[in-house]
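The following exercises concern a protein chain. Please study the sequence and the structure before reading each solution.

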Amino acid sequence: FSGGLIDHSEETTKLHTATHLLQAALRKILGPEVGQAGSNITVERLRFDFNYSGKIDKEQFEKVEKLVNEKIKENLAVQMKITGYKEALKEGALGFFGHKYPEKVKVYTIGINENDFFSKEICGGPHVDFTGKLGSFKIIKAEKIAASVQRIYAVVADKKTSA
């Protein structure tokens with residue numbers, strides 16, 4: 001599973017890490033019902049589809065965006081370890097594509113350490129080593145695409161070029 005990545009460029013790597021921050025922020029703001037339903041990452045933007053049956057207002061999206069930017073500003077470490085799939089789940093890692101995972105998986109933890117983290121996910125894609133490398137995060141569009149599936153388009157920008 002490549003995490004919806006077409007390439008492994010610097011920009012797509014940043015957006016891939018931003019996707020993990022986005023999912024964690026959505027779960028903190030909207031609740032644990034939120035779960036990834038798909039993603040697509042290009043050099044220009046990320047697209048993140050997630051399960052959520054409720055209505056999401058503009059204020060909630062603003063809170064999500066703000067939380068992601070706070071975690072970027074905190075310059076949290078992004079650490080990877082390889083472990084068994086069942087062990088990863090026991091340790092609190094999220095995994096939404098159970099049938100697609102091998103016995104041994106990569107687990108990416110974003111935060112202080114394995115036990116004090118903001119995000120912990122099973123993932124095969126590339127990631128930055130510190131969240132500060134993302135610059136800033138901006139949701140550019142959000143829409144409901146099915147009865148209980150929402151879609152977010154977002155971008156990251158270097159601090160030097162962001163307004």
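**Exercise 1.** Are Asp49 and Arg151 buried or exposed? State also how the two are linked.

*Solution.* This is a predicted model, in which local features need pLDDT of at least 70, side-chain atom pairs count only at pLDDT 80 or more, and totals for chains, interfaces and linings use all residues. Residues are numbered from 1 along each chain as its sequence is written, and side-chain values use heavy atoms, with hydrogens and water left out.

Step 1. Asp49 is buried, and Arg151 is buried too. Buried means under 20% relative accessible area, exposed over 50%, and partly exposed in between (1.4 Å probe, protein chains only).

Step 2. A salt bridge (a side-chain nitrogen of Lys or Arg within 4 Å of a carboxyl oxygen of Asp or Glu) joins Asp49 to Arg151, with the closest N and O atoms 2.6 Å apart.

Step 3. Because Asp49 belongs to strand 2 and Arg151 to strand 7, the pair ties together parts 102 residues apart in sequence. Helices (H or I, at least four residues) and strands (E, at least two) are DSSP runs, numbered from the N terminus.

**Exercise 2.** Classify the accessibility of Glu74 and of Lys71.

*Solution.* Step 1. The side chains of Glu74 and Lys71 form a salt bridge at 3.4 Å, N to O.

Step 2. Glu74 has 44% relative accessibility, so this residue counts as partly exposed.

Step 3. Lys71 has 16% relative accessibility and therefore counts as buried.

**Exercise 3.** Where does Ala37 lie?

*Solution.* Step 1. Ala37 is in strand 1, residues 35-41.

Step 2. With a relative accessible area of 36%, Ala37 is partly exposed.
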